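Please keep the sequence and the structure in view while reading.

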Amino acid sequence: MTNLSKSKLIAYRQCPKRLWLEIHRRELLQNSAATQASQNIGHEVGDVARRIYDPERNGHFLNLSELGFGELLSRSDTLARTADSPLFEAGFSANGALALADVILPVTTGSRRTWRMVEVKSSTSIKDYHRDDAAIQAYVARAAGVPLTAISLAHIDNSWVYPGDQDYRGLLVEKDLTEEAFARTAEVERWIAEAQCVAGQEKEPEAPAGIRCDKPYACGFIDYCHASDALPEHPASWLPNVQSKALIACLADGAVDMRDVPDELLNAKQLRVKCCTLRDEVYFDTQGATRDLASHPFPACFLDFETAMFAVPIWKGTRPYQQIPFQFSLHRLSPAGDLNHQEFLDLSGDDPSRRFAEALVNACGVAGTVYVYNARFERTRIKELAGRFTDLAAALLAINDRIFDLLDVAQERYYHPNQQGSWSIKKVLPAIAPDISYDQLEGIQDGGMAMEAFKEAINPVCPPERKAEIERQLRRYCSLDTLAMVKLWEYFGQQCKRN
Ligand code: SF4
């Protein structure tokens, strides 16, 4: 029997097949860019946690890649008996399981020394799977003989404002989970026994891909599972915004094709997706679209933002995970049909917010309609900028008053079966303008990639040639977003006239 790490046990909790594949077919694992980005965030937060919990810098960091498992377990065991300063990434194993603790802190009561464990999360709240996580950590450490008297989860406080000068006190808030975690011993023992059983199987367990594949983590075996599962003709996974308990239960029970999902479980939008998909038919509500698009004054400005957020803020006065706009693209269409383009991009590495706000006010002017795709996003960013730069507030908020959301029109009035249940502009564009495609873009092809590329470019170690390449890619990507909106607006207008 090999020891199963906490992450393997959590993988088992998500899907037994995932655990089996991680052990027996690891070469099939393909972590997405989003998973990689979230792992990077976890490391950043872990680094800051070490500074917060060990300001004197007299703790012990047990580096798995330097020590290897055997040495790390042995040193952790020794330190848990002898050390009186914080331990980071200490490892313990017992009863078929293995756990690395983010932080354990010595607690001295009289002549007795015990330990308090802190699990550090980069989320802004505690999720149910974090509670499982704490139960496993506490169980393994105690079963390994560590005198653990408390366990907490520390997560990010996104209302905290970074005061600058590398002072991160206040970034993390703790919640004590001792009672709950200590009470789950029997449950954890059952998970370990079941997971060990799955791990020891010769044959891959059967598990059709479904909603479990994204919860709580995006599974890196999704391509493999999709390729090996017979793909349904009309995948139920295309149904948008699945929230109702009855529909979730129906999908969890194995409904993989839309034909297996009863109409009465679907809301109007989901039903539209189902009907258009089964009939291979385009939906367009001419009257509604005509009403929506009538009487919006020219010039027509098509606007899109790119933003970056940092779990650990790097600019004074900003909050964790605050969306900081660093780029916009604006296509402007005159009443005569002339189209011109303006843009802003700041890769200096300084907080771009002020310059962004000034450039935005200049580019938008004071007249006409500002079309965006998902107005809540742009409106909120503009409102935040107005809150930070009060001298620009009136001009910024006046832009908000001119915003019109093309996503609302698309969602209510249009659907093409090729959208596969999504109204993302990247899914709608190929249906209405097949000659323009995000696939043509080199490098950056979505907002997540744009954010990661921005972070890479502002890193002082980024070579100038790479920075120049990122700049080119960002400019092309963002301008395609607003050009796509122009095409969508023109397409809807033509359809309204034609019908
Ligand atoms: S993709 Fe889904 S079905 Fe396949 S291993 Fe992962 S969670 Fe299980």
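This is a predicted model: local features need pLDDT of at least 70, side-chain atom pairs count only at pLDDT 80 or more; totals for chains, interfaces and linings use all residues.

Strands and helices are DSSP runs numbered from the N terminus, where a helix (H or I) has at least four residues and a strand (E) at least two. Two strands are said to pair if DSSP finds at least two bridges between them.

Residues are numbered from 1 along each chain as its sequence is written.

The individual pairings can now be followed across the sheet. In general, the strands of a sheet pair through backbone hydrogen bonds, either parallel or antiparallel. Strand S10 (residues 324–333) and S11 run antiparallel and are joined by seven bridges; here Gln327 stands opposite Leu345 in S11. S9 pairs with strand S12 (residues 369–372) in the parallel sense, over three bridges, and Phe302 stands opposite Tyr371 in S12. S12 and S13 also run parallel, with three bridges between them, and Val372 stands opposite Asp405 in S13.

The view may now be widened to the whole protein. There are 18 helices and 14 strands in the protein, and its C-alpha trace spans about 85 × 55 × 40 Å along its principal axes. Of its 499 residues, 32% count as buried; a residue is buried if 20 or more other C-beta atoms lie within 10 Å of its own, exposed if 12 or fewer, and partly exposed in between, with C-beta atoms placed from the backbone. Two residues are in contact if their C-beta atoms, placed from the backbone, lie within 7 Å. Among contacts between residues at least 6 apart in sequence, 68% join residues at least 24 apart.

The domain assignment gives domain 1 (4–200), domain 2 (211–277) and domain 3 (288–498); such bounds come from an automatic or database domain assignment. The C-alpha centres of domain 1 and domain 3 lie 39 Å apart, and 19 residues of domain 1 are in contact with twelve residues of domain 3. On the side of domain 1 that touches domain 3, helix H3 (residues 33–53) gives the most, with seven residues. The residues of that side divide into 13 nonpolar, five polar and one charged. In this division Ala, Val, Leu, Ile, Met, Phe, Trp, Tyr, Cys and Pro count as nonpolar, Asp, Glu, Lys and Arg as charged, and the others, Gly among them, as polar.

Helix H1 (residues 6–14) includes Lys6. Is Lys6 buried or exposed? Lys6 is buried because 21 other C-beta atoms lie within 10 Å. Lys6 and Ala97 are 91 residues apart in sequence, yet 7.1 Å apart in space, C-alpha to C-alpha. Residues up to four places away in sequence not counted, Lys6 touches Ala99, Asp133, Ile136 and Gln137. Ala11 is also placed in helix H1, and Ala11 is buried, with 25 other C-beta atoms within 10 Å.

The last stop is the ligand. Of the 13 residues around the ligand, Cys15, Arg18, Cys213, Cys219 and Cys225 come nearest; a residue is near a molecule or strand if its C-beta atom, placed from the backbone, lies within 6 Å of it. Helix H2 (16–24) and helix H8 (222–228) each supply at least two residues of this shell, and H2 gives the most, with three residues. The shell draws at least three residues from each of domain 1 and domain 2, and its residues divide into nine nonpolar, one polar and three charged.
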